[in-house]
Structure formats: structure tokens, C-alpha cells
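Subject: Structure handover

Hi,

Here is the structure for your files.

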Amino acid sequence: SSAKALLGIINDILDFSKIEAGKMDMETIDFKLDEALDNVANLVGVKSQEKELQLLLKVDRELPNNLAGDPLRLGQVLVNLSNNAVKFTEEGEIVISASLMETMGDQVPPDHVKVRFGVQDTGIGLTKEQCGKLFQAFSQADASTTRKYGGTGLGLTISKRLVEMMGGEIWVEGQEGNGCTFS
């Protein structure tokens, strides 16, 4: 487990360095949303089962399954957010969702869609102050979080940068003691 933790830290630092240097490439390929979400669920499922948490996938029926984008980077963001949700949740559930926000209008081909992904948990939650500084590099909610749960404080920064590189935005809503939702 120490080797896995060290590998996670090294991968975070390498990804962060690539993004900072402008060397992180995005690709646009055809992929199936259900396969991408199943992959995320498989990667996060073991950790959630170990903690006896329910892991749920909720996909809007209106959302097309055949999409084009970067499924690897999308998966990286969703796995990161989901692993955090598992880490900070002692009981309850993690819900990974995908919903159709809008079909893009006249400026792009009509088959383009805007998708909202979410990871919701029933964990420890966050104060408004903690929400405000979460996406800064090497930052966590507070020092006690780092001591109790570990981590580098890079995961959310990497996720934010990847989401922005894909033309999106990321935010968190939460309440201390009542879980959070990352969208």
C-alpha cells in the first residue's frame, strides 16, 4: 500500500508538471459514455466496497451514449473525484452522475451537447471557506485533513486544469457534515 501511495504521488506530480509546462495533450476520439463510466465504477468500486459504501451511477436518459472527446482524461477526473468521495465518506453512498445540460445551438453542429458530470457523497462535507481554497495546488481543506486522510493536495488542481482544457468548469457545493457534490 505504501508503494501504491508513492506511485499515486509521483503520478500526480508528473501530471501537474505536464500541465504547468503545457505538455498535456487532449484528444478527441469517439467513445461510449457507458463504457467510460463503467471503467470509473470498476476502478473506484473496490475502495467503496472495502468501506461498505454504495456506489451508484446515474445517467440522464436524454444523454447520448455515443460521444466524442477525451475519455481517458474524463475518466481521470471522475476517478479522482470519486476516490476523494470514498476517502472522505465513512457511511452512505457515492453517486456518479452524467446529465444533459443542453444541446449546443447555432454556433456549432447540432449534434454537440454540453454534459454535466457530478460526484456526490454523504461524507464529512466542507465549510464555505474550505470550498473556496480546494482547487489550489498543494492545498487541502485543513492540516487535520492531511494528517487524517493523506494525499498531496494536487488531485483537485489537476482535475480543475483538465476540465478547463476540455472547455469546462469545475466547482464544489457542500456543507460541513452533510457531504459534497463536485460538478
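Glutamate 90 forms a salt bridge with lysine 51, with 3.5 Å between the closest N and O atoms. (A salt bridge here is a side-chain nitrogen of Lys or Arg within 4 Å of a carboxyl oxygen of Asp or Glu.) The two residues sit 39 residues apart: glutamate 90 in the loop between H3 and strand E4 (93-103), lysine 51 in the loop between helix H2 (33-50) and strand E2 (54-59). Helices (H or I, at least four residues) and strands (E, at least two) are DSSP runs, numbered from the N terminus.

This is a predicted model: local features need pLDDT of at least 70, side-chain atom pairs count only at pLDDT 80 or more, and totals for chains, interfaces and linings use all residues. Residues are numbered from 1 along each chain as its sequence is written, and side-chain values use heavy atoms, leaving out hydrogens and water.

The salt bridge count is three. Glutamate 173 pairs with arginine 116 at 3.8 Å between the closest N and O atoms. That pair joins strand E6 (residues 172-174) to strand E5, 57 residues apart. Glutamate 164 and lysine 160 meet at 2.5 Å, N to O. Both lie in helix H6, four residues apart, about one turn of the helix.

How exposed are these side chains? Lysine 51 is partly exposed at 25% relative accessible area (partly exposed lies between buried, under 20%, and exposed, over 50%; 1.4 Å probe, protein chains only). Arginine 116 is partly exposed at 31%, and glutamate 173 is partly exposed at 43%.

Best wishes
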